[in-house]
Amino acid sequence: MQRPFIRGLKHGIPIALGYLSVSFAFGIQAVGTGLSPLQAVLISLTNLTSAGQLAGIQLMAAAAPLVEMALTQLTINLRYALMSLSLSQKMDEDMTTPRRMLFSFANTDEIFAVASGQPGKVGHSYLYGLMLLPYFGWALGTLLGAVAGTLLPAFVTRALGIAIYGMFLAIIIPPSRKQKPVRTVVLFSAALSLLFRYLPLLRGIPAGYAIILCAVAASCLGAALFPVREEGGA
Amino acid sequence: MSWQTFLPYLVVMAAVTYLIRMLPLTVFRREIKSVFVRSFLYYVPYAVLAAMTIPDIFYATGYVSGGDPAPLWCALCGLVTAVLFAWRGKGLLTVAIAACVGVALAQGVGMMVG
């Protein structure tokens, strides 16, 4: 049996590689909206979340009020509360409160997915190993994108701009295919989002609030029509 | 962006994101009983990501500083490519790269035609 830390490190390699490419695109987008490379890297070092960071730089570019920033981050990242809640049931006794506080910083979609897939309980050695490479991969990719992204031809950076959305689609499409409730929620949310963008009266609502309203409405619809009885199965 | 503008945004983003992840793991350990709340929370990630992707992905190929964005149909080509790969159950990295390649190919075709 491998030491848990080494096992965690190994499990983190594919996540880190994925993060490297997606954060590269984030770095390009961040400098594209007027941030310096250092600012882009600071965001990645302190947030570690693709969707939240992307919305964050868009709100900064729009000079949105801080309240809108806070509410947008709250809504977009609300899923992490669920994941943390779920992982708290899976933690070894050696996960003291300070250790939980350290690990929770890195509880991303992918790290959560890998950690919950482990048989039995998970301890701090494994979790620290798991979070290490993805964390630095995310920061390094951001730095490379922010610095070298401007050296790349526009042809390439335009193509990379879609990378984060590709990752989002990879998260929502497979469950949408298998579960009708998820499909319904996804389509309803996307349709609402289109209305908020293009309908004359709704168009004036700031993008951050529009995402919140879409997500809350679609999730309420899902919860009302298709209550989830069992963990993970709708 | 000036640091005076940037730092408050950074602190708010980081603090909110961290508290959301940290509080349920440390303070709040009780199980949620309400089926509605549990169901609501189950659907939140999918609803958020769908609203963030549509319609923003249509404009995702225009983030370059300087120069024109790629035409809309290039982004649509990337969207369709990503959906096809995700539909077949490919991983995050594969789908993200496939979307980029879709946009790149569309731009290449556009250059040859136009």
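**View 1. Helix α1 of chain A and helix α4 of chain B are roughly parallel to each other.** This is because, in this predicted model, their axes cross at roughly 25 degrees, and angles under 35 degrees count as roughly parallel, over 145 as roughly antiparallel, 65 to 115 as roughly perpendicular and the rest as oblique. The axes of α1(A) (residues 4-32) and α4(B) (residues 92-113) come within 9 Å. Axes here are lines fitted to C-alpha atoms, for helices over the stretch in contact, with angles running from 0 to 180 degrees between N-to-C directions. Helices are DSSP runs (H or I, at least four residues) numbered from the N terminus, while strands are E runs of at least two.

**View 2. Residues where α1(A) meets α4(B).** Look for A:Leu17, A:Gly18, A:Ser21 and A:Val22, which meet B:Leu92, B:Leu93, B:Ala96 and B:Ile97. Two residues are in contact if their C-beta atoms, placed from the backbone, lie within 7 Å. How many residues of this contact are nonpolar, polar and charged? Six are nonpolar, two are polar and none is charged. Ala, Val, Leu, Ile, Met, Phe, Trp, Tyr, Cys and Pro count as nonpolar, Asp, Glu, Lys and Arg as charged, and the others, Gly among them, as polar.

**View 3. The contact between chain A and chain B.** Here 86 residues of chain A touch 67 residues of chain B. Helix α10 of chain A (residues 163-178) gives the most to chain A's side, with 13 residues. That side divides into 54 nonpolar, 26 polar and six charged residues.

**View 4. Domain 1 and domain 2 of chain A.** Domain 1 covers 4-160 and domain 2 covers 179-225, with bounds from an automatic or database domain assignment. Their C-alpha centres lie 25 Å apart. Nine residues of domain 1 are in contact with seven residues of domain 2. On the domain 1 side, α3 (50-61) and α4 (66-76) of chain A each supply at least two residues, and α4(A) has the largest share, five residues.

**View 5. Confidence in chain B.** Chain B averages a pLDDT of 86, where pLDDT is the predictor's confidence in each residue, from 0 to 100.

**Notes.** Residues are numbered from 1 along each chain as its sequence is written, and chains are lettered from A and ligands numbered from 1 in the order in which they are written. In this predicted model, local features need pLDDT of at least 70 and side-chain atom pairs count only at pLDDT 80 or more, while totals for chains, interfaces and linings use all residues.
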